[in-house]
Amino acid sequence: MSVAEGDLLWEPSEEVRRSARVARFMRERGFGSYDELWRWSVTDVGAFWDTIWSSFGVLGDRGDGPALERAEMPGARWFPGATLNHARNALRRAEEDPGATAVVFRTEADDGSPAGEGSDGPARSRTLTYGELAAEVAEVRAGLRALGVGRGDRVAAYVPNMPEALVAFLATASLGAIWSSCSPDFGAPSVIDRFTQIEPKVLIAVDGYAYNGKRFDRSSVVRDIAAALPTLTATVTIPYLDPDAAAIGDGRALRYAELRRSGEPLAFEEVPFDHPLWILYSSGTTGLPKPIVHGHGGIVLEHLKALTFHQDLGPGDVFFWYTTTGWMMWNYLIGGLLVGATIVLYDGAPGGDALWRLAAETGVTYFGVGAPYVLASMKAGLDPGRTHDLSRLRGIGSTGSPLPPEGFGWLYDHVGRDALVGSFSGGTDVATGFVGPCPLLPLRAGVIQCRGLGARIEAYDEKGEPVVGEVGELVLTAPMPSMPISFWNDEDGERYRDSYFGVYEGVWRHGDWIKVLPDGGCVIYGRSDSTLNRGGVRMGTADFYRVVEGFDEIADSLVVDTGQLGAEGRLLLYVQLAEGVDLSEDLVGRLRAALRSTLSPRHVPDEIRVVPGVPRTLSGKKLEVPVRKILLGTPIDKAANPDAMANPEVLRHFTPDS
């Protein structure tokens, strides 16, 4: 279907309006609309989050203090005196229904997606019940304890999205220790930049992995990482690429099977609400990655709220998101255990229709991917709703970058008309989305349905005033419990304050352009630090990409405005062409005409250049700001950290004289 921004694509049925979990919550508390509920959640903030604790029956000691003792930002103080443990709450179904399926694991070789001829990469399908998962967690917990891991110690992991990663995380959290992970596609310098900051006691790593039919031995990388971490007392090897792989490490080295110790019951260290749970990292493309610390309590409450009320997930649901352990969405995906769902872990390439086939074969009810995967499926001419049985699908999530209206339209045309498409925007900083779906609201093409409960999102204009119906800076004017409790080793909090509160005092500036519509819907326009400012007309890059990448001849693109304060620069468009396509005068003319008519004459690029690829972070985000720095004279090695990039080799094509 041909769609334009704002076209109505989906409305909840009467059954959905009646049975959605957020609808039941609203009725119990006397709210007549989502807007009423949202306004209460962001004005009586403490009462809202207190209700989340009690409504979900969070396991732990609530204590008798206020839910929100101190509301200023930074420095909000939540649930003083409360204690809990994330792992205990994630595994509660193991006590109530141990035979329920907790985890389904697949690799690219399992489901027939690109594995290459003669591939002998990892192919270890597994299914774990909640009871089996809890038993493995108990064994790994005992092993970590025997290695001296305890409350506050860090456990670092260099692992793919596999059950052993989940088990090790839950075991770590159960001890009150702190988890941190990187995907094995990260190079040694990138991992070392991250893990040396947190001084881990134990490193858990795979010997290698397979991707798109190719084998990648990481043994030497693991040795380099371990050698750079003098605080390690042990290195644990998961023999993933080679089942017979020996333990890696010069000091105390053991295989994962040796870490598991039977005989000890599963137990949980009850910790304060803001006790560190895990350390995530910013992309690290323009400097040392920021080690972002989240707490047990904030993550438990936020993920319970978001997964239940915004995605309508619970027992009986099968939840999938395509992610690696190096992206925040892995942490969000495993949050599905908190609501008693089955989570699907997938390790491998997403090529072709592999993920759609995976969804059909595993009975996924909520399917999540990055927006680029949706657009790639659209350009490839896939028709998954007709080629696969996706009848169980109730929701489709998209994040990582704005999903354009055409992406929404394609999903309803080619995947399923009954599933709610939930576009999210948020970030690693809060391990969730600020804005996202709601099963009670109509869905319009290109529009995110609502601001999340408990997230007081506003758009600020250039004067720092809230605006509605206009593009502005995305800000939060009230605290959320999943905001970082700190950056690791940022003793005085200066780096933390500068990152979020350096522009507006007491107000979190996130760094995205957003338009908040009168009805509460939202449109995200990309990063505000990569905005296009032509003749005083500001525009996010998402609008630009929507036009350019709508051409079948364009596989990918990147746009950069080299203008500086008081001086207009050049607008440069870089395009990666589809296979077999040349940048003809006809294509250039059509691109310019489309940008002129759809955006404005000011947004016609001064030059269109062909590049072999668009630079992206390891999690797939376009690197507009580093390219802009390179064009303005910053040396490549100063503008971006190649070890934090998926394809650093393409940067040389973005120099001023290229």
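Student: Is T129 buried or exposed?
Tutor: The model is predicted, so every value here is computed. T129 has a relative accessibility of 19%. The cut-off for buried is under 20%, so T129 counts as buried.

Student: Where is T129 found, and which residues does T129 touch?
Tutor: T129 is found in strand 7, residues 126–129. Leave out residues up to four places away in sequence. The residues that T129 touches are then P98, G99, A100, T101 and A102.

Student: Which residues have the most contacts inside the largest nonpolar core?
Tutor: The largest nonpolar core has 101 residues. Helix 8, residues 163–174, gives the most to this core, with eight residues. The residues with the most contacts inside the core are L133 and L170.

Student: Which residues does L170 touch?
Tutor: Residues up to four places away in sequence are not counted. L133 is one of the residues touched by L170.

Student: Is F79 buried or exposed?
Tutor: F79 is found in the loop between strand 4 (77–78) and strand 5 (83–84). Not counting residues up to four places away in sequence, F79 touches W49, D50, W53, R62, P66, A67, F273 and L301. Its relative accessibility is 1%. That is under the 20% cut-off, so F79 counts as buried.

Student: What separates the C-alpha atoms of F79 and G297?
Tutor: Along the chain, F79 and G297 are 218 residues apart. In the model, the separation of their C-alpha atoms is 8.5 Å.

Student: Is helix 4 roughly parallel or roughly perpendicular to helix 12?
Tutor: Helix 4 covers residues 45–56 and helix 12 covers residues 296–310. Their axes are 10 Å apart, and the packing angle is about 75°. Angles of 65 to 115 degrees count as roughly perpendicular. Helix 4 is therefore, relative to helix 12, roughly perpendicular.

Student: How do the residues of the contact of helix 4 with helix 12 divide?
Tutor: Helix 4 contributes F48, W49, I52, W53 and F56. Helix 12 contributes L301, E302, L304, K305, T308 and F309. The contact residues divide into eight nonpolar, one polar and two charged.

Student: How many disulfides does the structure hold?
Tutor: A disulfide needs two cysteine sulfur atoms within 2.5 Å. For C438, the nearest cysteine sulfur is that of C450, 5.0 Å away, and C438 is in no disulfide. For the structure, the number of disulfides is zero.

Student: Is C438 buried or exposed?
Tutor: Buried means under 20% relative accessible area. The relative accessibility of C438 is 0%, so C438 counts as buried.

Student: Which peptide bond is cis?
Tutor: Most residues other than glycine have a negative phi, and most peptide bonds are trans. P74 lies in the loop between strand 3 (68–70) and strand 4. With omega near -10°, the cis bond is the one from M73 to P74.

Student: What is phi of N212?
Tutor: N212 lies in the loop between strand 11 (208–211) and strand 12 (214–217). N212 is partly exposed, with a relative accessible area of 42%. N212 is not a glycine, yet its phi is positive, near 55°.

Conventions: Residues are numbered from 1 along each chain as its sequence is written. This is a predicted model: local features need pLDDT of at least 70, side-chain atom pairs count only at pLDDT 80 or more; totals for chains, interfaces and linings use all residues. Side-chain values use heavy atoms; hydrogens and water are left out. Buried means under 20% relative accessible area, exposed over 50%, partly exposed in between (1.4 Å probe, protein chains only). A nonpolar core is a set of buried Ala, Val, Leu, Ile, Met, Phe, Trp, Tyr and Cys residues joined through side-chain atoms within 4.5 Å. Helices (H or I, at least four residues) and strands (E, at least two) are DSSP runs, numbered from the N terminus. Contact means heavy atoms within 4.5 Å. Axes are lines fitted to C-alpha atoms, for helices over the stretch in contact, and angles run from 0 to 180 degrees between N-to-C directions. Angles under 35 degrees count as roughly parallel, over 145 as roughly antiparallel, 65 to 115 as roughly perpendicular and the rest as oblique. Ala, Val, Leu, Ile, Met, Phe, Trp, Tyr, Cys and Pro count as nonpolar, Asp, Glu, Lys and Arg as charged, and the others, Gly among them, as polar.
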